[in-house]
Amino acid sequence: MDYFFTSKYHNGDPDTPMQERIVEIIVYLIHEMQTDKRLGEIDLRVLSDKGYTQNEISTAFSWLFDKIHLGDNILSEGNRRLPHSHRVLHDSERAVITAEARGYLLELRELGLLDDMDIELAIDRIMMAGYGLVGIDEMKSVIASIIFDYDDSNRIGSRLMLNSKDTIH
């Protein structure tokens, strides 16, 4: 818990967009669960005290349960211990993505929230968008769009957020 809120990546700032705040909560929950805590043992008052709303906390839990229900092993011990490749950024990518933003990507990968393909997708989106410089705030936005982007229309009801093309009946 202390690590989470002392990390420069997670601050509970109320001006941060909701999807990014939900990602911060998900990271907190995964971090706590990796320290051998059950979901019921995690002190959610810490999140409320940091300014996260009950709606944001509930949405983070829903996302986590959905991933577990779909069979994603985001909490698997084995996944974190398997050897994996290390992405070396090209000079042009390093010039655009700050060290803080790269550190945030690595943190999410080590927690099991992102895999190598997600990292590639994030870097591709950043480079194609034509950012001049990507700091932690921009990286959080890109990561939130990757985590909450479900393009599979056959999984109706599985998304926590609506896309701009969705219609409610």
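In the predicted model, the buried residues of helix H9 pack against helices H2, H4 (54–69), H7 and H8. The residues of H9 that count as buried are Ile136, Met139, Lys140, Val142, Ile143, Ala144, Ile146 and Ile147. Helix H9 itself covers residues 136–147, and its 12 residues reach 16 Å from the first C-alpha to the last, which is close to the 16 Å expected at 1.5 Å a residue.

Of the 169 residues in the chain, 40% count as buried. Among the contacts in the chain with a separation of 6 or more, 70% are accounted for by residues 24 or more positions apart. The chain exposes about 9800 Å², and carbon and sulfur atoms supply 52% of this area.

Helix H2, one of the partners of H9, spans residues 18–34; it has 17 residues and reaches 24 Å from its first C-alpha to its last, close to the 24 Å expected at 1.5 Å a residue. Because 15 of these 17 residues are buried, H2 is largely enclosed by the rest of the structure. Ile26 lies in this helix and counts as buried because its relative accessibility is 1%, under the 20% limit. When residues up to four places away in sequence are not counted, Ile26 touches Ala60, Trp63, Leu113 and Phe148. The C-alpha atom of Ile26 is separated by 9.9 Å from that of Glu56, although the two residues are 30 residues apart along the chain.

Just after H2, Asp36 takes a positive phi of about 65°, a positive value that occurs here in a residue other than glycine. Asp36 is placed in the loop between H2 and helix H3 (45–49). Its relative accessible area is 69%, and Asp36 is therefore exposed, in keeping with a limit for exposure of over 50%.

Helix H4, another partner of H9, contains Phe61. With a relative accessible area of 14%, Phe61 is buried. Leaving out residues up to four places away in sequence, the residues that Phe61 touches are Leu29, Leu39 and Leu44.

The buried residues in H7 are Ala101, Gly103, Tyr104, Leu105, Glu107, Leu108, Arg109 and Leu111. H7 is followed by Gly112, and the phi of Gly112 is positive, near 90°.

Helices H7 (99–111) and H8 (116–129) also take part in a pocket, since each supplies at least two residues of the lining of the second largest pocket. The volume of the second largest pocket is about 230 Å³. Of the 12 residues that line this pocket, Arg87, Leu89, Leu106, Ile119 and Ile123 are the closest to its centre. Sorted by class, the lining comprises 5 nonpolar, 2 polar and 5 charged residues.

Leu89, one of the residues closest to the centre of the second largest pocket, has its place in the loop between helix H5 (77–81) and helix H6 (91–96). Leu89 counts as buried because its relative accessibility is 13%. Apart from its neighbours within four places in sequence, Leu89 is in contact with Arg94, Arg102 and Ile123, and Ile123 is also listed among the residues closest to the centre of the pocket. The C-alpha atoms of Leu89 and Arg102 are separated by 9.6 Å, the two residues being 13 residues apart along the chain.

How values were computed. Residues numbered from 1 in each chain as written. Predicted model: local features only at pLDDT ≥ 70, side-chain atom pairs only at ≥ 80, totals over all residues. Heavy atoms only, no water. Helix = DSSP H or I, 4+ residues; strand = E, 2+ residues; numbered from the N terminus. Expected span 1.5 Å × (residues − 1). Buried < 20%, exposed > 50% of the residue type's maximum accessible area, 1.4 Å probe, protein only. 1 Å grid on protein atoms, 1.4 Å probe; cavity = no way out; pocket = protein on both sides within 12 Å on 5 of 7 lines; lining within 4 Å. Points joined across faces, edges and corners; volume = space filled by probe spheres on them. Nonpolar A, V, L, I, M, F, W, Y, C, P; charged D, E, K, R; others polar. Contact = heavy atoms within 4.5 Å. Areas by Shrake-Rupley, 256 points an atom, 1.4 Å probe, with all protein chains shown as cover.
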